Amino acid sequence: MAQTSDTDDDRLMRLALDRGRACVEHGDVPVGAVVARDGEVLAVAGNARERLGDPTAHAEMLALREAAERVGSWRLEGCTLVVTLEPCAMCAGAVVLSRIDRVVFGAADPKAGFAGSLGDLVRDPRLNHRAALTPGVLADECGEVLRAFFRERRGPGRSSASDQSSG
């Protein structure tokens, strides 16, 4: 099982936050993801649905693909996925299929999250693989990046009950 210290989780989450913030330049929701093994960063990605015109271009999916290419295998055992927003069903499924050992996320996603909010696909005992889960790392900062993005998109004077939206 991939284990990192709280300091490593914070360091990797800050890297994911930086990549997420960069997504705003091309109109994508600011979500960033990092895949690491034993503290070594294998991949860093941000949402690119708008930039690529690809509905599957979530930060997690892109980071998992890059990490698999780097290690030369789709099996990412021993790896940790660090992401600024709780993974959606698609990304949670990819975690299971890629054999990621651990998922660390920042902000919960009550509207689309499948690592504890709407469901818990990453730890479902009916599946052939389960990942350990560390939620809430730098949650306030991760959530604020998302809220600021959606406030800006809505414009002045418009508000929403929930500013967070899946990758």
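Which exposed residues does the face of α5 turned away from its buried side carry? Here are some notes on that and on the sheet beside it.

1. Ground rules. This is a predicted model, in which local features need pLDDT of at least 70 and side-chain atom pairs count only at pLDDT 80 or more, while totals for chains, interfaces and linings use all residues. Residues are numbered from 1 along each chain as its sequence is written, and side-chain values use heavy atoms, with hydrogens and water left out.

2. The opening question. The face of α5 turned away from the buried side carries Asp140 and Glu152, both exposed (exposed is over 50% relative accessible area, buried is under 20%, and partly exposed lies in between, with a 1.4 Å probe and protein chains only). Helices (H or I, at least four residues) and strands (E, at least two) are DSSP runs, numbered from the N terminus.

3. The buried side of α5. Its buried residues are Cys142, Gly143, Val145, Leu146, Phe149, Phe150 and Arg154. Seen down the axis of α5, these fall within an arc of 165°, so they line one face of the helix (the arc is that of the directions from the helix axis to the C-beta atoms).

4. Length and end of α5. Gly155 follows α5 and has a positive phi, near 90°.

5. What α5 packs against. Its buried residues pack against α1 (6–22), β3 (79–85) and β4 (102–107) (contact means heavy atoms within 4.5 Å). The helix lies across β3 and β4, running at about 60° to β4 (axes are lines fitted to C-alpha atoms, for helices over the stretch in contact, and angles run from 0 to 180 degrees between N-to-C directions).

6. The sheet. Five strands form an open sheet in the order β2-β1-β3-β4-β5, with mixed pairing (two strands pair if DSSP finds at least two bridges between them). At the edges are β2 (40–46) and β5, each of which pairs on one side only. From one strand to the next, the twist averages 15°.

7. The parallel part. In β4, six of six residues are buried. Five bridges join this strand to β3 in parallel, with Arg102 as the bridge partner of Thr80. Between β3 and β4 the chain passes through helix α4 (residues 89–98), a right-handed β-α-β crossover (right-handed if, with the strands pointing away from the viewer, the path from the first strand over the helix to the second runs clockwise). On to β5 (residues 132–134), β4 pairs in the parallel sense over three bridges, and Val103 stands opposite Leu133.

8. The antiparallel part. β1 and β2 pair over six antiparallel bridges, and Arg37 has Glu40 as its bridge partner. Their hairpin has two residues between the strands, and Asp38 takes a positive phi near 50° there. β1 also runs antiparallel to β3, over five bridges, with Val34 opposite Val82.

9. And α1? Its buried residues are Asp9, Leu12, Met13, Ala16, Leu17 and Gly20. They cover an arc of only 150° around the axis, which puts them on the same side of α1. Their packing partners are β1 (32–37), β2, β3, β4, β5 and α5.
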